[in-house]
Amino acid sequence: MTGKGSAAGRAVKFTFLGGWLLFTVFPLYWITVTSLKAPGDIFHFPLAYWPERFSLENYRGLFGTADFGTYLVNSLLVSAMAGVTATAISMLSAYVLARFEFRTKSALLMAALVTQMIPSFIALGPLYLLMTDLKLVDNRLGLILVYIAVCIPFCTVMLRGFFENIPDALEEAAMIDGLSRFAALFRVLLPVMRPGIIAAFIFNFVNCWNELFLSVTLMNSDSNKTVPTALNGFISSFNIDWGSMSAAAVLTIAPTMLLFAFASRHIVQGLTSGSVKG
């Protein structure tokens, strides 16, 4: 009886997981298949779940007429610069919050958490006026600075958990051996925290790569637009270019999927090591 019950339980579990996997993967499959259809075959009825003939016309149109390569380069540059800088600044601020006690420490932590509860579009108006005064509208440097400011609070709270998991004795031993606090941080603590730093950078990179509202608000010219802004441009008042949008979506999703695939071990190790204080 027990064997039958456990077998039935496994069957239900695998059925549920299989259905959930299908539900999750099918949109990605459908976007990919749509991108490989000729424009005239996309609305063919009945729907073809596997194209009779594959076509790269949608991809050729992206790089031939829409100049999608420029958008990819802009997104890569902005996301990488903002991700690296925000991670470096957050690493230092998280170290201070984890290792030192001062009067406004709780207030700073609360402020960092509260900023994550405020929708970004609420600040679009004041932010646009500020960036206009600084002459940073339609400027990639301005978008990088904004993304850095957006990423720092969450990244600081995240990295603080990693620092708290590292015993103080490790740092104290390094300082007894003659290292300064700054040298102990970079030569002893950071190598131990590498999975956490990689996880923080990936989250920062992906958040910047996928961000839309700030990019649409601050970027006007085609030479400075990022990928999410380009995807938004395929939607007009009377039509949606499904073929080009699907091809652009595949090219947009691919870098983040590859990044997570290559760094998945560091992400899992980083999140698990930072979730419970030792």
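Modeller: A word on terms before we start: helices here are DSSP runs of H or I with at least four residues, numbered from the N terminus. Also, this is a predicted model.

Colleague: Fine. Which helix is Leu62 found in?

Modeller: Leu62 belongs to helix H2, residues 57–64.

Colleague: Is Leu62 buried or exposed?

Modeller: Buried, because its relative accessibility is 0% and the cut-off for buried is under 20%.

Colleague: What does Leu62 touch, leaving out residues up to four places away in sequence?

Modeller: Asp67, Phe68, Phe234, Ser244, Ala247, Ala248 and Leu251.

Colleague: Take Ser244 from that list. Where is Ser244 found, and what does Ser244 touch?

Modeller: Ser244 is in helix H12, residues 242–275. With residues up to four places away in sequence not counted, Ser244 touches Asn58, Leu62 and Phe234. Ser244 has 12% relative accessibility and therefore counts as buried.

Colleague: And how far apart are Leu62 and Asp133 in space?

Modeller: They are 34 Å apart, C-alpha to C-alpha, and 71 residues apart in sequence.

Colleague: Change of topic. At what angle do H3 and H9 pack?

Modeller: About 140°, with the axes 8 Å apart. H3 covers residues 68–99 and H9 covers residues 194–210. The two helices are therefore oblique to each other, since only angles over 145 degrees count as roughly antiparallel. The crossing of H3 past H9 is right-handed.

Colleague: Which residues make the contact?

Modeller: From H3, they include Leu72, Leu76, Ala80, Gly83, Thr87 and Met91. From H9, they include Ile197, Phe201, Asn204, Phe205 and Trp209.

Colleague: How many residues of that contact are nonpolar, polar or charged?

Modeller: The contact of H3 with H9 has 13 nonpolar residues, five polar ones and no charged ones.

Colleague: Now the core. How many residues has the largest nonpolar core?

Modeller: The largest nonpolar core has 19 residues, and Leu159, Phe163, Leu185, Leu189 and Met193 have the most contacts inside it. At least two residues of this core come from each of H3, helix H6 (140–165), helix H8 (181–192) and H9.

Colleague: What is Leu189 in contact with, its neighbours within four places in sequence aside?

Modeller: Leu189 is in contact with Tyr95, Arg99, Phe163, Ile166, Leu170, Glu171 and Ala184.

Colleague: What other core lies apart from the largest one?

Modeller: Another core, of 17 residues, lies apart from it, and Ala86, Leu127, Leu136 and Cys151 are among its residues.

Definitions and conventions
Residues numbered from 1 in each chain as written. Predicted model: local features only at pLDDT ≥ 70, side-chain atom pairs only at ≥ 80, totals over all residues. Heavy atoms only, no water. Axes fitted to C-alpha atoms, helices over the stretch in contact; angles between N-to-C directions. Parallel < 35°, antiparallel > 145°, perpendicular 65-115°, else oblique. Left-handed = near helix turned anticlockwise from the far one by under 90°. Contact = heavy atoms within 4.5 Å. Nonpolar A, V, L, I, M, F, W, Y, C, P; charged D, E, K, R; others polar. Buried < 20%, exposed > 50% of the residue type's maximum accessible area, 1.4 Å probe, protein only. Core = buried A, V, L, I, M, F, W, Y, C linked by side-chain atoms within 4.5 Å.
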